[in-house]
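User: I am new to this structure and would like a close look at its aromatic rings. Please take me through how they sit with one another.

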Amino acid sequence: QVQLVESGGGSVQAGGSLRLSCQVSVYGFGSRCVAWFRQAPGKEREGVAGISTGARDTYYGDSVKGRFTISQDNAKNVVYLQMNSLKPEDTAMYYCAAGSPWRTCSTWTSSSVYVYWGQGTQVTVSS
């Protein structure tokens with residue numbers, strides 16, 4: 001059974017930090033594109049960060065570059081999203097997604113890359 005389970009969301013003041021975790025219970029963890037997306041009420045889903053778990057190449061949305069860091073722990077099959085210098089506009093539901101084995105991250109912001117999605121974890125940043 002394939003599962004992606006997010007955790008680590010919560011409420012924080014502007015300028016604070018949170019670390020999200022995505023437990024990826026799927027075979028071939030080390031050969032997938034895994035990404036974090038977010039969606040705020042009334043807005044389109046936005047690609048936040050992606051990682052190619054094989055090559056460990058990382059990708060970031062323009063709005064989070066320099067503030068967020070995506071990383072992986074192969075021993076635990078976990079992908080993390082470290083979020084620093086949080087802003088109120090970062091408030092959203094954050095989702096983890098994983099692509100098919102050997103699918104590259106070259107188009108990581110496209111939802112069509114991903115076949116598995118988590119249920120999401122809420123991040124709220126107050127000013």
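Analyst: What follows is a walk through one aromatic cluster and its surroundings. The model is predicted, so local features need pLDDT of at least 70 and side-chain atom pairs count only at pLDDT 80 or more, while totals for chains, interfaces and linings use all residues. Residues are numbered from 1 along each chain as its sequence is written, and side-chain values use heavy atoms, with hydrogens and water left out.

A pair of aromatic rings is described by the distance of the centres and the angle of the planes. Rings of Phe, Tyr and Trp (its six-membered ring) pair if their centres lie within 6.5 Å, with planes under 30 degrees apart counted as stacked, over 60 as edge-to-face and the rest as tilted. The whole structure holds 4 aromatic pairs. In one of them, the ring centres of phenylalanine 37 and tyrosine 114 are 5.3 Å apart and the planes stand at 80°, so the pair is edge-to-face. Phenylalanine 37 also pairs with tryptophan 117, where the centres are 5.1 Å apart and the planes at 50°, so this pair is tilted. Phe37, Tyr114 and Trp117 together form one aromatic cluster.

As for accessibility (buried means under 20% relative accessible area, exposed over 50%, partly exposed in between, with a 1.4 Å probe and protein chains only), phenylalanine 37 is buried at 1% and tyrosine 114 is buried at 6%, whereas tryptophan 117 is partly exposed at 27%.
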